[in-house]
Amino acid sequence: MGIFVTSIQSVLAILIMIAVGYFTQGLNWLPILASNYHGEVKFATNVVVATSVLFIVVVPVIMVIQSI
């Protein structure tokens with residue numbers, strides 16, 4: 001039973017990492033789209049910076065939680 005739980009935790013951690021990676025890459029286009037469609041480029045840039053900083057903070061937290 002312990003081996004099964006550990007493998008499920010590993011799979012979930014990998015899926016979370018993949019999802020976070022896809023979401024952060026998708027947001028990198030936000031300032032370009034805002035510029036092309038006459039949106040708020042400064043706000044879009046701030047969103048990308050904030051999510052990048054949160055990514056740097058959240059990933060180690062997820063790794064610590066996974067190891068517990």
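**Reading helix α3 and residue A44**

Mentor: The buried residues of helix α3 are A44, V48, V59 and I62, where buried means under 20% relative accessible area, exposed over 50% and partly exposed in between, with a 1.4 Å probe and protein chains only. This is a predicted model, in which local features need pLDDT of at least 70, side-chain atom pairs count only at pLDDT 80 or more, and totals for chains, interfaces and linings use all residues. Residues are numbered from 1 along each chain as its sequence is written, and side-chain values use heavy atoms, with hydrogens and water left out.

Trainee: Which elements does the chain contain, and in what order from the N terminus do they run?

Mentor: Helices (H or I, at least four residues) and strands (E, at least two) are DSSP runs, numbered from the N terminus. Here there are 3 helices and 0 strands, running α-α-α.

Trainee: How far apart are the end C-alpha atoms of helix α3?

Mentor: The expected span of a helix is 1.5 Å times one less than its number of residues. The 27 residues of α3 (residues 41-67) should therefore span 39 Å, and the end C-alpha atoms are 39 Å apart, which agrees.

Trainee: Why does A44 count as buried?

Mentor: A44 counts as buried because its relative accessibility is 4%.

Trainee: Which residues does A44 contact, leaving aside neighbours within four places in sequence?

Mentor: Contact means heavy atoms within 4.5 Å. On that basis, A44 touches L30, P31 and A34. The C-alpha atoms of A44 and P31 are separated by 5.0 Å, although these residues lie 13 residues apart along the chain.
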